[in-house]
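Please look over the sequence and the structure below before reading the notes on strand pairing and on confidence that follow.

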Amino acid sequence: MDRCSGRVEVLRGETWGTVCDVFWDLKDASVVCNHLHCGPVLSAKAGAFFGEGNGSIWKDVTECRVDHWHLRLAAGEGRCDGRVEVYQSGVWGRVTDDLWDFKDADVVCRQLKCGSAVNVYNHGKYGIGKGHVIMSNVSCIGIESYLWNCTFTQTDHIPLPDVGVFCSDDIPVRLVNGSSRCAGRVEVYYNGIWGTVCDDAWDITDADVVCKELNCGHAVNATKTSWFGQGSGPIWLDNLKCSVNNTALWQCPARPWGQNDCSHKEDAGVICSGHREIRLENGKNPCQGRLEVFFNGTWGTVCSDLFGIDDAEVVCSQLNCGSAKFVENNAAFGEGTGPIWLDDVRCRFGDSLLWQCPSSAWGQHNCRHQEDVGISCSDLRLVAGFDNCSGRIEVFFSGTWGTVCDDSWDRYDATVVCRQLNCGDPFLTSVGMLFPPGDKKSRPSIHKFAEPFYEEIVIQETGPGVESPLPLEEHFGEEYDDIE
């Protein structure tokens, strides 16, 4: 017997006493070993294994119980990836170590039911946690059930990096470059890096696993040959062979992680039944035409019953096409084909997506394609103002929003803008940077294609129902000398 094994005795005041073995377990024994700097606990003996003591028996010794400790991974991509944090005495704190290794990390992964450690980090990959250091210099054998069964110290005196771990289970998946979270290129987060999936052997069963994992319904299309664009980084998975019993993509049989004979031209994708999208078809530009909705893998139309300008406003805003100008009934942009997905649409204030608006159930209607609704959105908008009737003028042309140069700009030009936007008469016009300038990269100047870009027109209108603005000095201080 040495100083790291034996009967546990506790000094209270000037009296040594023993500890009752009721509820005594490895977690309690681990605290004793840590306190005595004796390494990880190997066993917790009961029944006076080391002989009976004498004197007092401290039946109320509970300070070493660690049932109130908790563990989590923070700042990662999922619950099985991130910075290691420990909860004790009502607060979450840090775990620091410059010798953090796979044996330590395996204990964390196993405790969280996240499989085994794939990678370990002790150089701030997940940032510095908040709160004080609860555990430092952790040393595990690797078989412990809880991190606090391992040897550790509790000190803030020596600055050490926060530790992190990436575990094998619950590997996140996402869909990228689609128009919703339920369609796009399949990407998997593994070993701390997002990568793609090769389309070799990629089929609807594999895609269905992704859709179910993301709560996006079922797969309606398993796309190949980088349908949603080429990804970057590693190609993590190849030759997947999922079955209907798989609930996560990483569970499916495949070649070893990162082993493939593919290029990003072969990135796999998926369209799930939960994917929804809208478009305007058969018009002169993308901001006018027959309203069509993609639902359950099929493009369909919307009936014109009850469909008004407020409903059209939601559509135009959703398509980034400015404000609504007209609602066209009776298939003005031609009759569509396929299902009539929506009928009796009644959008409310605050609805930003068409499918947020109340309507008949999807696919239920009393219409024909002769009643397909059409919409014309404005190719003109005001941006960065105080409301829809003030701001920097932008025009939609050739598929791109751009600005208007202020050369020769005057009140007559502004009147046309106000009239087109149903905003009354112009209250003031301005050149220069009264409102923030447009993005030079994404908004090339449209009218006159002139430089410099800060010479953009801004306008504020007034009219029926439009409140007059505050005095300019209250908005802009002294920066209004160029107002005409």
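In this predicted model, strand β4, which covers residues 70–78, runs antiparallel to β5, and six bridges join the two strands.

**From β4 to β5**
- A hairpin that passes through two residues joins β4 to β5.
- Within this pairing, His70 has Tyr87 in β5 as its bridge partner.

**From β5 to β6**
- Strand β5, made of residues 81–88, pairs with strand β6, made of residues 91–96, in the antiparallel sense and over four bridges.
- Tyr87, which is the bridge partner of His70, also has a bridge partner in β6, namely Trp92.
- Two residues lie between the strands in the hairpin of β5 and β6, where Ser89 takes a positive phi near 55°.

**From β6 to β8**
- Strand β8, which covers residues 133–139, runs parallel to β6, and three bridges join them.
- Here the bridge partner of Val95 is Met135 in β8.

**Confidence of the prediction**
- The chain has a mean pLDDT of 82, and 84% of its residues reach 70 or more.
- Over residues 440–458, however, the pLDDT is below 50, although this stretch has 64 contacts in the model beyond near neighbours in sequence.
- Residues 463–484 also have a pLDDT that stays under 50, and for them the model has 30 contacts beyond four places in sequence.

Key: Residues are numbered from 1 along each chain as its sequence is written. This is a predicted model: local features need pLDDT of at least 70, side-chain atom pairs count only at pLDDT 80 or more; totals for chains, interfaces and linings use all residues. Side-chain values use heavy atoms; hydrogens and water are left out. Two strands pair if DSSP finds at least two bridges between them. pLDDT is the predictor's confidence in each residue, from 0 to 100. Contact means heavy atoms within 4.5 Å.
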